[in-house]
Amino acid sequence: MKALILVGGFGTRLRPLTLSVPKPLVDFANKPMILHQIEALKAIGVTEVVLAINYQPEVMLNFLKDFETKLEIKITCSQETEPLGTAGPLALARDKLIDKSGEPFFVLNSDVISEYPLKEMIEFHKSHGGEASIMVTKVDEPSKYGVVVTEESTGKVERFVEKPKLFVGNKINAGIYLLNPSVLDRIQLRPTSIEKEVFPEIAAKGKLYAMVLPGFWMDIGQPRDYITGLRLYLDSLRKKASPKLASGTHIIGNVLVDESAKIGEGCLIGPDVAIGPDCVVEPGVRLSCCTVMRGVRIKKHACISSSIIGWHSTVGQWARVENMTILGEDVHVCDEIYSNGGVVLPHKEIKSSILKPEIVM
Amino acid sequence: MKALILVGGFGTRLRPLTLSVPKPLVDFGNKPMILHQIEALKAIGVTEVVLAINYQPEVMMNFLKDFEAKLGIKITCSQETEPLGTAGPLALARDKLIDDSGEPFFVLNSDVISEYPLKEMIEFHKSHGGEASIMVTKVDEPSKYGVVIMEESTGQVERFVEKPKIFVGNKINAGIYLLNPSVLDHIELRPTSIEKEVFPKIAAEKKLYAMVLSGFWMDIGQPKDYITGLRLYLDSLRKQSSPLLASGTNIIGNVLVDETAKIGEGCLIGPDVAIGPGCVVESGVRLSRCTVMRGVRIKKHACVSGSIIGWHSTVGQWARAENMTILGEDVHVGDEVYSNGGVVLPHKEIKSSILKPEIVM
């Protein structure tokens with residue numbers, strides 16, 4: 001079985017992290033974002049994953065070779081020479097997605113983190129016999145999204161309403177699709193939107209069905225949602241009683257700590273914290289609602305909340321970092337510094353406090 | 001004869017331009033910054049240039065191969081594994097800088113643009129017979145810099161005063177040195193400052209002499225100074241009656257236009273403008289005091305002043321960009337949009353006006 005992951009472009013919303021690596025390789029809960037999806041696909045028997053990309057293919061391919069061997073799944077890239085939207089890439093990768101088996105193939109949006117109930121989706125797809133299945137998720141504020149209006153009992157999709165002003169429903173496109181090969185006949189090799197052009201066509205023929213996603217869902221393509229997404233993800237690990245979650249007197253709530261990371265005495269870590277490989281958290285540090293990426297050193301008595309600390313950065317002694325501070329790669333916050341929402345580009349030193357949210361370049 | 005160019009690190013002050021290429025390769029006056037210096041060195045007989053770098057050597061090396069062949073000069077890199085300051089890199093490159101000839105070697109700071117009177121500097125060096133010569137330049141606000149105090153008639157350096165609070169002199173270190181090989185014996189392979197540690201020692205032995213730089217000088221390592229520097233550079237081309245300067249009814253003052261650039265009808269270009277290769281300036285455009293890099297398209301009736309437009313960007317019809325607007329690579333400003341000092345990272349689209357200076361990431 002095959003799958004396509006729509007990786008897309010420059011990942012500008014996740015800057016400054018994406019100034020160092022392409023977005024799919026930004027770590028989420030201690031592994032590259034895209035690895036969460038590839039592992040979920042591998043687990044239900046997908047043998048080949050095609051990544052639809054249009055930026056930095058060389059960097060991606062280097063990493064992918066590692067994953068291919070470790071996961072034993074074939075990973076290839078389909079590179080857009082012009083941005084093809086959300087459907088065009090499927091046409092571009094056509095030959096890789098269909099084979100004689102006639103099996104349906106998955107399409108995933110690379111920014112999405114969720115439970116990935118792909119096995120259930122395959123069964124749903126078989127049972128309705130339609131041409132395409134999409135996963136939908138319930139949200140509180142549907143007016144910000146594209147709402148999918150469905151027949152409650154069958155899940156048959158009636159129509160899509162983009163950013164509805166009146167309430168028409170609260171289920172939105174979760175960015176996970178299971179498509180019959182025939183869907184590719186509807187898609188031309190040009191910039192095309194799957195929600196605005198392709199799906200409405202299939203829905204009009206009564207052949208598009210939506211399944212409500214159980215469990216958590218988040219589009220983590222921007223820092224605020226990345227932080228919320230980590231909370232949801234760790235919560236789902238807790239529900240499955242995952243052994244990966246850390247425990248101990250210095251741990252509050254759900255916390256992930258890579259085995260190579262070191263945590264000193266007198267720290268209080270959590271809730272909703274991920275500490276990556278080779279990190280050093282010195283004694284007396286308080287961390288909550290934050291991600292600490294590979295190779296970071298947090299010095300004594302520092303206090304970090306609701307922030308993302310990028311690879312190989314350091315946070316100084318008694319420093320206070322909060323309110324959506326995002327440090328890029330190799331950023332060094334000096335002792336006793338305060339950062340209130342500072343967004344710092346790579347290779348910088350922060351020697352004076354950042355009192356209100358701003359970009360430091 | 002040999003030369004070392006201190007290239008250094010990440011070029012963060014010239015972001016967003018340096019998010020696309022390493023700083024020495026950022027274009028100035030329609031050619032990479034470092035090419036100005038390499039050409040000046042080649043012109044007085046330097047046969048080998050060593051670049052002391054600590055970031056992105058692969059990117060540099062690719063470009064350098066082109067220059068080596070075209071200029072007929074040998075160019076090598078000396079890569080710091082830790083930042084070595086302003087003197088340490090000389091120790092690192094020791095073996096490349098001295099040979100049996102015992103000739104002195106040049107050291108240049110890569111951010112500097114100037115007349116490069118290197119031939120005169122060689123004669124000055126021979127005539128005083130000291131160990132080291134440095135170029136100094138007069139500035140209006142010496143308190144921001146390191147001031148060099150010297151004996152007026154001989155140029156012998158008495159001492160350095162860093163950022164003096166009271167007036168002690170108005171000549172500062174211009175970042176151009178000519179050193180005897182024996183200077184390398186004063187420098188250890190560790191982070192060292194040439195102005196704070198090495199030169200004061202040589203000055204105490206009365207073997208350091210300063211020559212006042214004739215003509216223009218600018219440290220163009222940040223956008224404001226880059227724009228001022230372009231004015232000074234083009235002014236010096238005018239004084240030399242350079243054929244490189246453009247002329248015509250649509251040209252005011254000093255303007256450089258690459259031969260592959262196209263300028264439409266009814267434009268008014270200048271003063272102090274550089275338009276790079278492959279640019280298209282549509283009809284009715286007003287450009288003043290700005291740099292337009294390779295492959296940029298400025299659409300009809302747009303007005304750009306005091307700004308830098310990065311490679312392959314576009315500025316929309318009737319758009320207005322002014323007051324230190326810096327567009328990174330591949331930035332697209334929509335029609336009729338206004339940018340007052342917007343600093344935009346690469347691969348962005350600007351669809352709404354930027355009313356006050358800010359970074360757009």
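**The open sheet of chain A**

Guide: In this predicted model, chain A holds an open sheet of 6 strands, paired in parallel and ordered E15-E18-E20-E22-E25-E28. At its edges lie strand E15, residues 262-263 of chain A, and strand E28, residues 348-350 of chain A, each of which pairs on one side only. In general, the strands of a sheet are joined by backbone hydrogen bonds, and the pairing may be parallel or antiparallel.

E15(A) pairs with strand E18 of chain A, residues 280-281, in the parallel sense, over 2 bridges. Within this pair, Ile263(A) has Val281(A) of E18(A) as its bridge partner.

For Phe106(A), the contacts beyond four places in sequence include Met1(A), Lys2(A), Ala3(A) and Leu4(A). Leu41(A), Ile44(A), Val46(A), Leu118(A) and Tyr177(A) are also among the contacts of Phe106(A).

Chain B has a record to go with it. An unreviewed UniProt entry lists residues 2-233 of chain B as "domain: Nucleotidyl transferase". Over that range, chain B is 29% helix and 28% strand, with its end C-alpha atoms 25 Å apart.

As for confidence, chain B has a mean pLDDT of 93, and 100% of its residues reach 70 or more. The model as a whole scores ipTM 0.81 and pTM 0.87.

Note on methods:
Residues are numbered from 1 along each chain as its sequence is written. Chains are lettered from A and ligands numbered from 1 in the order in which they are written. This is a predicted model: local features need pLDDT of at least 70, side-chain atom pairs count only at pLDDT 80 or more; totals for chains, interfaces and linings use all residues. Side-chain values use heavy atoms; hydrogens and water are left out. UniProt positions are given in the numbering used here, feature names are shortened, and annotations may be inferred rather than shown by experiment. Helices (H or I, at least four residues) and strands (E, at least two) are DSSP runs, numbered from the N terminus. Two strands pair if DSSP finds at least two bridges between them. pLDDT is the predictor's confidence in each residue, from 0 to 100. Contact means heavy atoms within 4.5 Å.
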